Amino acid sequence: MAIHIVRLPLFLTLFISCVNVQSYKPDVTVAIDGSGNFNTINEAISKIPIDRNSPYVILIKQGTYNEAVYIAQNMSNLVLIGEGMEKTIVQFNKTAKQGYGTSGSATVDISANDVFVKGIRFVNNAGPDGGQAVALRVAGDRIAIYQCSIQGYQDTLLTAYGIHFFRECEVYGTVDFIFGNSRVVLQNCDIYVRKRTEGTVNMITAQGRGQVEDTGIVLHNCSIKADKDLQPYPQIKTFLGRPWYSYSQTIVMECFLDKLVDPEGWLPNNDKKSLSTLHHVEYANWGPGANTTGRVKWPGYHIAKNSEEIKHFTVENFINGTQWLPSVGVPFVGGFIN
């Protein structure tokens, strides 16, 4: 696992969940070597009891699972536990240009409510020339992803709609690789920007509200760095994001921004109207790429002067995290780090 760069405040309010991850006892086990109840994840998913009141826990043992997995809306109240992001790997190679569409290209699609995932690597291995190729799509309420790695190039992580929380995860990509229109907070995550085969510009986020509503992408206490394949190419520009549609809303707060982040910070799209309707905010970021003196001058871009201006975008307020995360089994900070 990568080393996450964080600043430790003098006093930190860290909520430790009432449920310990280790307390989840698997209902079934998936193992490639035949030592479990099923050999594939899809077999286990197909046997999930639909009418139940308690979480259904699937342990996915170490191995590389070459399959595309769909978790439907009627499979809510589900727990997927891997043996670590370096050991339990789910990979596939669907792409939008193969006819699947962007959403349909996902290696793993979680469309259910109340899902907790820990210790799995999700990969779309279509490669840098594959175009739009999603590794993980989430589209439900109260989905928590903990200590997972999400790897792809363009459109890696699609937070389509719903309420989502990512903690201590890795996200790899090149273009628009954290995108969608949910209420999502990524906290204490490592974001790695990769090298494209062609093109000299990378964009991390692409939030697409399309109208005024309480959705958006929040990066909180994350670390944004170049992956090893991009490090030798400082001429390739990397931007924190661009508006996917009008009214795009993205908040980057208390994050470490390495030198790869372009001084302008943000990239426009082809719709000039979106530059006045968007709401892109930076607050208390640090590192070589965090200097805001050269940032864009768009009407919708803001540099928050204090935490009061953006307190709505904390875990506690934006995704109501204190109401549901304690029962899940993932630590979180409800407010600000400093």
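**Close-up views of a predicted model**

F313 is buried, and F318 is buried too (buried means under 20% relative accessible area, exposed over 50%, and partly exposed in between, with a 1.4 Å probe and protein chains only). This is a predicted model, where local features need pLDDT of at least 70 and side-chain atom pairs count only at pLDDT 80 or more, while totals for chains, interfaces and linings use all residues. Residues are numbered from 1 along each chain as its sequence is written, and side-chain values use heavy atoms, with hydrogens and water left out.

**View 1. Rings that pair up.** The structure holds eight aromatic pairs (rings of Phe, Tyr and Trp, the last by its six-membered ring, pair if their centres lie within 6.5 Å; planes under 30 degrees apart count as stacked, over 60 as edge-to-face and the rest as tilted). Take W244 and Y245: their ring centres are 5.0 Å apart and their planes meet at 15°, so this pair is stacked. W244 is partly exposed at 36% relative accessible area, and Y245 is partly exposed at 45%. F313 and F318 make a tilted pair, with 5.3 Å from centre to centre and 55° between the planes.

**View 2. Charges sitting over rings.** Here the charged end of R194 sits over the ring of Y153, 4.6 Å from its centre (the rule: NZ of Lys or CZ of Arg within 6 Å of the ring centre and within 35 degrees of the ring normal). K195 lies over the face of Y233, 4.8 Å from the ring centre.

View 3. Side chains of opposite charge can pair when their charged atoms come close. The model has eight salt bridges (a side-chain nitrogen of Lys or Arg within 4 Å of a carboxyl oxygen of Asp or Glu). One of them joins R137 and D109, at 3.1 Å from N to O. R137 is in strand β11 (residues 136-146) and D109 in strand β8 (residues 108-110), 28 residues apart (strands are DSSP runs of E, at least two residues, numbered from the N terminus). R137 is buried at 12% relative accessible area, and D109 is buried at 9%.

**View 4. A salt bridge from loop to strand.** R242 bridges to D176, with the closest N and O atoms 2.7 Å apart. R242 is in the loop between β21 (237-241) and β22 (249-253), while D176 is in strand β15 (residues 175-180), 66 residues apart. Which is it for D176, buried or exposed? D176 counts as buried, at 10% relative accessibility, whereas R242 is partly exposed at 24%.

Key
Helices (H or I, at least four residues) and strands (E, at least two) are DSSP runs, numbered from the N terminus.
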